[in-house]
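User: I have a structure open and would like to go through parts of it with you. Could you keep the answers plain and spell out the cut-offs?

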Amino acid sequence: MSDTATPRPESAQLACPECGTLITYYDVEGSEYYACASCHAYFKYSGESKPKVLGNYKSVPPPELGLLPIGTTGTLAGQPCRVVGLVERAELARNGKLQYRWLEYQIYQPVTDDYAQLAVFKGHWTVIRPAKQTFKVKSPSTRHARVEVSGETYKIYNRYQSRVVWAVGEFDWNIEGDDQLRFAEYISPPTMLIQERNKDRETWYRAEHIEPRAVAAAFNVKPGDMPAQDGVGAVQPDAVRATIPALTLLTGLALGLLLLAQVLLINRHPPTTLLSENLQVVADTAAAPGTGRVLVSPSFTLGHQAALEIDLTATLSNQWLELPVSLVNEQTGQGFEFTKNIEFYSGVESGENWSEGSRDADAVLAQVPAGRYHLNFYPFTEAGPAAPAIVVRVVADPALWSNFFVVFCLLLLYPLYQYIRRASHETQRWNESDYGPINA
Amino acid sequence: MLEQLWNFLRPVRLYALLLLLPLGWFAWGATTSRRLLGDDNESTETLNASSPGHRGGGHARFYHK
């Protein structure tokens with residue numbers, strides 16, 4: 001004796017008990033509740049008794065209604081599926097008003113005869129499926145409530161009750177019955193665990209973040225038609241987070257390489273003192289008051305092209321010194337020039353010693369070719385106080401630490417930018433929650 | 001080992017290329033004995049000091065030994 005299975009019909013139709021419009025439904029065996037797209041009546045129909053009208057959604061439909069119309073087919077997670085229902089829900093605030101509206105698309109998967117939900121809030125999408133298990137909540141009544149699963153900690157993100165604002169399509173449960181449910185959302189991006197409970201039962205769902213372009217691809221919608229994202233979604237993954245270990249390693253390697261290069265440079269050409277001389281400023285009586293005679297340093301030889309650091313220390317006492325300096329190549333006549341203004345003042349006021357300025361100055365001349373050089377000084381100081389002496393020191397191949405620190409800072413720029421982006425991402429995520437660290 | 005490292009660094013491969021710019025700039029400064037943010041030379045004749053300057057203005061033309 002053979003048993004021939006009756007194939008399940010792909011769809012069926014029923015007439016709306018209010019307006020008579022024919023409604024096509026797809027979960028022929030499972031659906032029992034319907035919301036008419038024409039008159040918005042919400043009714044129950046089990047297939048045997050007469051349809052029973054339970055209510056009517058006369059409010060304005062959500063603007064995104066046309067994005068995934070009822071009956072739209074697609075492929076979600078490799079499974080053929082169809083949009084069979086749409087519910088607009090809102091969170092019930094403590095004052096009884098509705099806030100934070102979002103949409104839930106009922107996605108029927110005929111091959112496996114089960115459902116998924118696609119929820120969208122401020123352009124952020126999640127796929128919700130039954131978790132088929134329960135989870136133990138630690139510190140359940142506190143703001144530190146959490147669920148720990150396989151080493152992952154899901155932190156409490158939201159607790160709320162919801163109300164149906166608008167609906168269309170077919171449902172295998174009474175969507176209005178959800179009014180008595182209390183929801184708690186625990187997040188560990190990109191996953192959320194949703195606890196749904198009332199006095200009698202507790203059910204858990206698992207929601208996964210899904211990018212809008214993936215939803216668009218699943219239902220053959222133009223990516224540009226997807227609602228724009230606003231802020232950061234509850235379980236939207238942080239794109240930067242995944243790159244942090246590699247970024248840290250690479251930046252560490254680069255900084256290490258930089259430090260090694262600096263040490264090698266110093267070892268290859270250690271700083272060498274070419275000249276150390278004490279020069280006394282002598283007033284030039286033939287010139288304007290304050291003008292000193294030109295001072296010429298002893299000659300010194302630079303063996304290879306290098307940077308030169310010229311350190312100057314003047315024995316100033318409550319006076320200033322303007323000091324143009326020339327470095328002259330005695331073989332080619334090539335000259336380098338710089339001017340330093342040195343001033344130092346000190347005294348005692350109300351029993352307190354004070355000082356201002358510095359007796360020291362230095363200059364760096366780069367790319368000085370090899371050759372024999374001397375320095376010319378053209379001092380000009382205020383007339384009156386004793387003429388100062390100048391201690392001059394010329395160092396070849398000084399360690400150019402400014403180069404090191406400039407590049408050091410440049411290397412840290414991008415990691416710093418990414419760190420700020422990551423912090424901003426988490427801040428924006430928890431801004432939408434009453435349980436974030438900033439609300440603690 | 002190297003393949004593992006490459007795969008690990010793959011998400012930041014563009015940043016790795018970008019790193020070559022400041023490191024290369026440092027190497028260029030080191031090999032040409034330049035200070036990257038500029039030195040204190042004010043002489044117009046030796047602003048580009050790689051070629052011998054022609055004697056022109058400034059104090060350098062005086063007091064040669």
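User: How many bridges pair strand E10 of chain A with E17(A), and in which sense?

Analyst: In this predicted model, strand E10 (residues 124-130) of chain A pairs with E17(A) over six bridges in the antiparallel sense. Strands are DSSP runs of E of at least two residues, and helices are runs of H or I of at least four, both numbered from the N terminus; two strands pair if DSSP finds at least two bridges between them. Within this pairing, A:Pro130 stands opposite A:Tyr205 in E17(A).

User: And E16(A), how does that pair with E17(A)?

Analyst: E16(A) and E17(A) are antiparallel and share seven bridges, with A:Leu193 having A:Arg206 in E17(A) as its bridge partner. A hairpin of four residues joins E16(A) to E17(A), and A:Arg201 lies in the loop between these strands, E16 covering 191-197 and E17 covering 202-210.

User: Is A:Arg201 buried, partly exposed or exposed, and what does it contact?

Analyst: A:Arg201 is partly exposed, with a relative accessible area of 40%; buried means under 20%, exposed over 50%, and partly exposed in between, using a 1.4 Å probe and protein chains only. Leaving aside neighbours within four places in sequence, A:Arg201 is in contact with A:Leu181 and A:Glu196, where contact means heavy atoms within 4.5 Å. The side chains of A:Arg201 and A:Thr203 are also joined by a polar contact of 2.9 Å, that is, a pair of N or O atoms within 3.5 Å, where within protein one must be able to donate a hydrogen and the other to accept it, and residues adjacent in sequence count only if both atoms are side-chain atoms.

User: What does UniProt list for residues 70-212 of chain A?

Analyst: The unreviewed UniProt entry lists residues 70-212 of chain A as "domain: DUF4178", and such annotations may be inferred rather than shown by experiment. In the model that span is 65% strand and 1% helix, with its end C-alpha atoms 19 Å apart.

User: Switching topic, what is the strand order in the open sheet of four?

Analyst: The order is E18-E28-E21-E25 in chain A, with antiparallel pairing. E18 (272-280) and E25 (360-368) stand at the edges with a single partner strand each, so one side of each has no neighbour in the sheet. Strand E21 (residues 306-314) of chain A is joined to E25(A) by seven bridges, and A:Asp311 has A:Asp362 as its bridge partner in E25(A).

User: What does B:Thr32 touch?

Analyst: Not counting residues up to four places away in sequence, B:Thr32 touches A:Gln305 and A:Gln367. B:Thr32 is found in the segment after helix H2 (13-31) of chain B and counts as buried at 18% relative accessibility, while its side chain reaches the backbone oxygen of B:Trp28 at 2.6 Å.

User: What is the average pLDDT of chain B?

Analyst: Chain B averages a pLDDT of 74, and 68% of the residues score at least 70, on the predictor's confidence scale of 0 to 100 for each residue. Over residues 50-65 of chain B the pLDDT is below 50. Where pLDDT is low, the predicted coordinates should not be read in detail.

User: What conventions apply?

Analyst: Residues are numbered from 1 along each chain as its sequence is written, and chains are lettered from A and ligands numbered from 1 in the order in which they are written. Local features need pLDDT of at least 70 and side-chain atom pairs count only at pLDDT 80 or more, whereas totals for chains, interfaces and linings use all residues, and side-chain values use heavy atoms, with hydrogens and water left out.
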